[in-house]
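Morning, everyone. Please have the model open on your screens.

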Amino acid sequence: MRKLVIFPTLLKSMFYQGNWNITNMQGTGFRWLLKDFFKNNKTKLPLDFDSSPLYYFNTNPYLVTFILGLLLKETQEKGIIGDYDKIYSSALAALGDTFFWHSLRPFAFFVSIWAIVINPELLVILYLIVFNFFNIIFRVLGFYYGYTFGANVMLLFNKIGFNKWSAVFDGMTTFMAGIVIAYVIKYQYYIGSIHVIKSVLLFIVGIIISKWVRGPLELIIVTAILGVLLLFGV
């Protein structure tokens, strides 16, 4: 694989969707980003690429670099972009929105909420660290894996079971929500402490339960179990 120049485009990818608009969504920003990436890697945009000011594009911003990588690969090998930008923007939008917006954000919140015990100001910092860890990792690796797999980049997401990540993170979030509720109940009416080892064991039990049970009922069950165990000093 050729050595890719990603750093300038990586920085710009952090805010390329800043020009989002209802007409062509991220189209203007993406076209600017694509030109920048191709220029840095000494590749000319093929003639079949849509140069219209109303060029339409919309995907999850954290996965956009996968598309940049695969478009560079296809252009260098075949000389055309084709419909890859349209096809993969929709596919990655569905995957990325489900994970980053619906699963990772609440997960990062419930992980960081425990920072209140130490210092409330750390909550925001820890939240940003947890959320942006995945953000940065996916942005950086997207260039390389998009370029490596090319049009077969979806095989990578299948290999890592990315479509199942949301369910896993939802399960952990649900259980942590139960811990928070039980913790508040316990310390509202009782005096005591929750041992770290016991909390970890309860966490594992909660993950197993949330794996089996689906829907809103899962939160009620986990919260009830934790409430009983913690209130009675388990």
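A definition before we start: a crossing is right-handed if the near helix is turned clockwise from the far one by less than a right angle, and left-handed if anticlockwise. Keep in mind that this is a predicted model.

Now the helices. Two packed helices are described by the angle between their axes and the distance between the axes. Take α2 and α3. Their axes come within 10 Å. They cross at roughly 50 degrees. The crossing of α2 past α3 is right-handed.

Who makes the contact? From α2, we have F30, L33, L34, F37 and F38. From α3, we have V64, I67, L68, G69, L71, L72 and T75.

Next, the aromatics. A pair of aromatic rings is described by the distance of the centres and the angle of the planes. How many aromatic pairs does the whole structure hold? The search finds 28. I will show two.

One is F30 with Y55. The ring centres are 6.4 Å apart and the planes are at 20 degrees, so this pair is stacked. F30 sits in helix α2, residues 27-40. Y55 sits in the loop between α2 and α3, and α3 runs 64-78. The two are 25 residues apart, so to speak distant parts of the chain, linked by the pair. Buried or exposed? F30 has a relative accessible area of 0%, so F30 is buried, the cut-off being under 20%. Y55 is at 1% and also counts as buried.

The other is F100 with F131. Their centres are 6.4 Å apart, with planes at 70 degrees, so this pair is edge-to-face. F100 belongs to helix α4, residues 84-112. F131 belongs to helix α5, residues 122-149. Again distant parts of the chain are linked, here 31 residues apart. Both F100 and F131 are buried.

There is also a charge over a ring. K73 lies over the face of Y147, at 5.8 Å from the ring centre.

Last stop, V5. Where is V5? V5 lies in the segment before α1, which is 7-13. At 37% relative accessibility, V5 is partly exposed. V5 and F143 are 138 residues apart in sequence, yet their C-alpha atoms are 9.3 Å apart in space. And what does V5 touch, leaving aside neighbours within four places in sequence? V5 is in contact with F37, N40 and N41. F37 is also one of the α2 residues in the contact with α3.

Notes. Residues are numbered from 1 along each chain as its sequence is written. This is a predicted model: local features need pLDDT of at least 70, side-chain atom pairs count only at pLDDT 80 or more; totals for chains, interfaces and linings use all residues. Side-chain values use heavy atoms; hydrogens and water are left out. Rings of Phe, Tyr and Trp (its six-membered ring) pair if their centres lie within 6.5 Å; planes under 30 degrees apart count as stacked, over 60 as edge-to-face and the rest as tilted. Helices (H or I, at least four residues) and strands (E, at least two) are DSSP runs, numbered from the N terminus. Buried means under 20% relative accessible area, exposed over 50%, partly exposed in between (1.4 Å probe, protein chains only). A charge sits over a ring if NZ of Lys or CZ of Arg is within 6 Å of the ring centre and within 35 degrees of the ring normal. Axes are lines fitted to C-alpha atoms, for helices over the stretch in contact, and angles run from 0 to 180 degrees between N-to-C directions. Contact means heavy atoms within 4.5 Å.
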